[in-house]
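Me: I have this model open and would like to go through it with you. Could you start with the core?

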Amino acid sequence: MLRDPDLPPGHDPAGGPLRPPQGLFRRVRRVGAVVAVALALLAGGVWLGGHPEGLPTGVRDVLVGDEDTRVIDEALRTIADRYYAEVDPADLADDAIAGAVESLDDRFSAYFSPKEYRQFQEVQNSEFSGVGLVVSPHPSGLRVVEVYDGTPASRAKLAPADVIVAVEGRALKGVKQQAATDRIKGPPGTDVTITVSRDGKRRDYTLTRARVNVPVVASRIRTVDGVKVGIINLAQFSSGAHAEVYAAIRKVQKQGAKGLVFDLRRNGGGLVSEAQLIASAFLPDGPIVTTRGRSVPTRTLSATGDPVAEDIPLVVLVDGDTASASEIVAGALQDRDRAEVVGAKTFGKGVFQEVIELSNGGALDITAGQYFTPDGRNLGGKGVSQGAGITPDVKVKDDPKTKPDEALNRALSELRAKTTS
């Protein structure tokens with residue numbers, strides 16, 4: 001499945017599965033059937049399968065691949081057979097695939113082992129087992145980006161900008177993000193002790209892991225200078241998110257909202273198909289995003305023609321953690337002059353990934369192409385580098401150390417100027 005990043009690039013629910021860093025088109029291409037056929041052919045010649053050098057060159061290439069494939073298989077079998085300690089061949093295969101993906105030097109591409117892929121799919125269904133955090137990489141470990149309400153992390157009063165520096169007494173400095181979050185994950189009901197750095201001071205927290213339902217959409221009404229406006233927060237572009245967004249829009253409109261703030265801060269993306277549907281809530285027709293790649297056809301996704309908020313004044317609120325599918329929506333609404341974008345420059349990710357399931361139950365999540373806004377902008381950098389992102393029409397940044405939400409307040413002020421009493 002072609003996808004935009006699942007959670008913020010470089011982000012994932014700590015104590016929950018990677019998505020993600022952290023999402024079309026998620027086209028999952030199954031290769032298990034092909035592998036099964038190959039295995040069936042090999043099963044007919046067990047001895048030849050174990051001694052490919054005895055096969056004629058043409059037949060050998062068909063059955064066991066080219067020279068590069070054979071030497072990889074040869075090396076893995078040699079390690080499994082000759083290494084002084086017993087090694088699980090499945091673990092060797094996992095590590096070999098992960099190493100190959102890592103060699104791409106692409107922060108957005110990954111290999112999911114069977115266990116990690118199951119966890120990844122849980123996140124797409126907006127549920128996981130953990131402590132209720134969204135995190136991003138930090139030189140000392142993991143930086144807390146968001147704390148979900150009603151979770152072990154929120155009850156412990158963890159907060160954005162906290163840095164998790166150790167888990168069970170083991171330092172996270174220099175540990176890759178996936179490995180670091182794996183240390184926090186675990187079955188519901190089990191305890192995990194994390195060390196948190198806040199304002200230069202360290203403190204240990206022992207949290208009991210639990211099933212966490214990720215709140216995808218939240219909405220509320222605010223009155224600004226006597227005018228009601230709706231605020232809709234979208235956490236991620238997971239499967240079915242568009243239906244929740246549509247319901248939230250209808251709810252605040254029924255409550256008398258004369259304008260909308262669509263808050264995409266800390267939203268690292270998800271399914272691009274959901275981005276198309278959500279942008280279609282505000283646009284009656286026309287292009288939303290174009291995708292191009294070497295192995296995928298160029299394709300333009302347009303509005304579906306059934307908007308629920310076509311004319312209501314709209315402000316989109318963004319920040320540096322707004323990425324991917326979020327940037328697609330914000331970019332489309334900005335290019336089409338449908339909304340004013342308020343906040344800080346977005347992340348700057350201009351590529352999408354394709355999830356390809358493997359016969360072992362795992363999956364490759366590899367960059368397959370680039371996407372472009374209606375005006376032809378690619379928000380990323382060269383290749384898979386972080387790029388310019390979206391420059392807001394009104395620049396403002398929230399100060400996490402103050403109680404007021406400066407960015408939201410500015411968005412509300414801009415929206416109020418567009419509404420009538």
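Predicted model: local features only at pLDDT ≥ 70, side-chain atom pairs only at ≥ 80, totals over all residues.

Reply: The largest nonpolar core has 46 residues, and L234, I249, L260, F262, F282 and V316 have the most contacts inside it. A nonpolar core here is a set of buried Ala, Val, Leu, Ile, Met, Phe, Trp, Tyr and Cys residues joined through side-chain atoms within 4.5 Å, where buried means under 20% relative accessible area with a 1.4 Å probe, protein chains only.

Me: What does F282 touch?

Reply: Leaving aside residues up to four places away in sequence, F282 touches I249, L260, F262, A309, E310, L314, L333 and R338, a contact being heavy atoms within 4.5 Å. Apart from this core lies another, of 19 residues, including A153 and I184.

Me: Switching topic, what is the strand order in the open sheet?

Reply: The six strands run β13-β14-β15-β18-β19-β22 with mixed pairing; strands are DSSP runs (E, at least two residues), numbered from the N terminus, and two of them pair if DSSP finds at least two bridges between them.

Me: And which are the edge strands?

Reply: Those are β13 (217-224) and β22 (394-395), each of which pairs on one side only. β13 runs antiparallel to β14, joined by eight bridges, and T223 has K228 in β14 as its bridge partner.

Terms used. Residues numbered from 1 in each chain as written. Heavy atoms only, no water. Buried < 20%, exposed > 50% of the residue type's maximum accessible area, 1.4 Å probe, protein only. Helix = DSSP H or I, 4+ residues; strand = E, 2+ residues; numbered from the N terminus.
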